[in-house]
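Take a look at the sequence and the model below.

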Amino acid sequence: MDTGIYYADDQANHNFKLVGKLRFDQSPPLFEILEKLKDHVKLDNLVIDLKDASSLDSTMFGAICGLGVLFLKKGTQKPILICKKNDIERMIKTLGLDQIFELKEKTIDVPGLIKLQTSVDKMGSAKGTGLM
């Protein structure tokens, strides 16, 4: 998989896979989905897979936190964060995200993941998010 943010949902279950080195200019799709999900009365499950992420900046951690808090409030289960990298897991614990998410090491196979388009994918466009 190329560097980026991948997403799949089936109305109630929302799955993200973050791959590679992710920075602030790749976070708008996460914030857009967060805003759309705020209108939902009930959300079931959230899984964010960071196993293939090599690094995340503070904006990406902020977006992850926002999603986690939303699902903690409206979800039927504690959100899941999958991580196997020691430096990223250390940051997760330092930021207190382990209080919001259930941490797991094993990846969950999710069919139908679609890469979210970011300004980085559009090569220089200041805006631009959504599905590619």
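Search the whole structure for aromatic pairs and you find one. The partners are Tyr7 and Phe16, with ring centres 4.6 Å apart and planes at 35 degrees, so the pair counts as tilted. For the terms: rings of Phe, Tyr and Trp (its six-membered ring) pair if their centres lie within 6.5 Å, and planes under 30 degrees apart are called stacked, over 60 edge-to-face, and the rest tilted. Keep in mind that this is a predicted model, where local features need pLDDT of at least 70, side-chain atom pairs count only at pLDDT 80 or more, and totals for chains, interfaces and linings use all residues. Residues are numbered from 1 along each chain as its sequence is written, and side-chain values use heavy atoms, leaving out hydrogens and water.

Are these two residues buried or exposed? Tyr7 has 12% relative accessibility, so it counts as buried, and Phe16, at 2%, is buried too. Buried here means under 20% relative accessible area, exposed over 50%, and partly exposed in between (1.4 Å probe, protein chains only).

Now for the strands, which are DSSP runs of E with at least two residues, numbered from the N terminus. Strand E1 covers residues 4-9, and five of its six residues are buried. E1 runs antiparallel to E2 (residues 13-22), joined by six bridges; strands pair if DSSP finds at least two bridges between them. Across this pairing, Tyr7 stands opposite Phe16 in E2. Three residues separate E1 and E2 in a hairpin, and Gln11 in the turn has a positive phi of about 80 degrees.

E1 also pairs with E7 (residues 114-117), antiparallel again, over two bridges. There, Tyr7 has Ile114 as its bridge partner.

Conventions: Helices (H or I, at least four residues) and strands (E, at least two) are DSSP runs, numbered from the N terminus.
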